[in-house]
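Open the model in your viewer and keep the sequence panel beside it. The stops below say what to select next and what is there.

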Amino acid sequence: MKFIFGIGAILIGIWQIYISKQYFNNLRKQSSPLILALIALIASLAFAAFLLVYGVRTLLF
C-alpha cells in the first residue's frame, strides 16, 4: 500500500511540474494580473515539490 502511495505521489508531482511549465509558458498571454499568476505558479511548484519528497520518503522508509 505504501508503494502505491509513493509511486502515485511521485507521478502526480511530475505531472504538476509539467502543467506548471505549460502555465508559465502561457503566462504572458493571460489577462490576469501578473503577480497573482506568479503566486499561483509558485504555489503549484511548492505542491509538486511536497509530493515528490513525500513519494520518495514513502518509498524509502
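Begin by selecting L27, which lies in the loop between helix 1 and helix 2; helices (H or I, at least four residues) and strands (E, at least two) are DSSP runs, numbered from the N terminus. This is a predicted model, in which local features need pLDDT of at least 70 and side-chain atom pairs count only at pLDDT 80 or more, while totals for chains, interfaces and linings use all residues. Residues are numbered from 1 along each chain as its sequence is written, and side-chain values use heavy atoms, with hydrogens and water left out.

L27 has a relative accessible area of 9% and is therefore buried (buried means under 20% relative accessible area, exposed over 50%, partly exposed in between, with a 1.4 Å probe and protein chains only). Show its surroundings: not counting residues up to four places away in sequence, L27 touches L34, A37 and L38, where contact means heavy atoms within 4.5 Å. For A37, 10 residues from L27 along the chain, the C-alpha atoms of the two are separated by 7.3 Å.

Next, select residues 2–25 for helix 1 and residues 34–60 for helix 2. How do the axes of the two helices cross? They come within 7 Å and cross at roughly 155°; axes are lines fitted to C-alpha atoms, for helices over the stretch in contact, and angles run from 0 to 180 degrees between N-to-C directions. Helix 1 and helix 2 are therefore roughly antiparallel to each other (under 35 degrees counts as roughly parallel, over 145 as roughly antiparallel, 65 to 115 as roughly perpendicular and the rest as oblique). The residues of this contact divide into 20 nonpolar, seven polar and one charged; Ala, Val, Leu, Ile, Met, Phe, Trp, Tyr, Cys and Pro count as nonpolar, Asp, Glu, Lys and Arg as charged, and the others, Gly among them, as polar.

Now go to S20 in helix 1. Is S20 buried or exposed? Its relative accessibility is 4%, so S20 counts as buried. Its side chain reaches the backbone oxygen of Q16 at 2.9 Å. Leaving aside neighbours within four places in sequence, S20 is in contact with L41, S44 and L45.

From there, move to S44, found in helix 2. S44 is buried, with a relative accessible area of 14%. Beyond its neighbours within four places in sequence, S44 is in contact with Q16 and S20.

The last stop is A49, also placed in helix 2. At 40% relative accessibility, A49 counts as partly exposed. Select L60 as well: A49 and L60 are 11 residues apart along the chain, and their C-alpha atoms are separated by 17 Å.

Definitions and conventions: A polar contact is a pair of N or O atoms within 3.5 Å; within protein, one must be able to donate a hydrogen and the other to accept it, and residues adjacent in sequence count only if both atoms are side-chain atoms.
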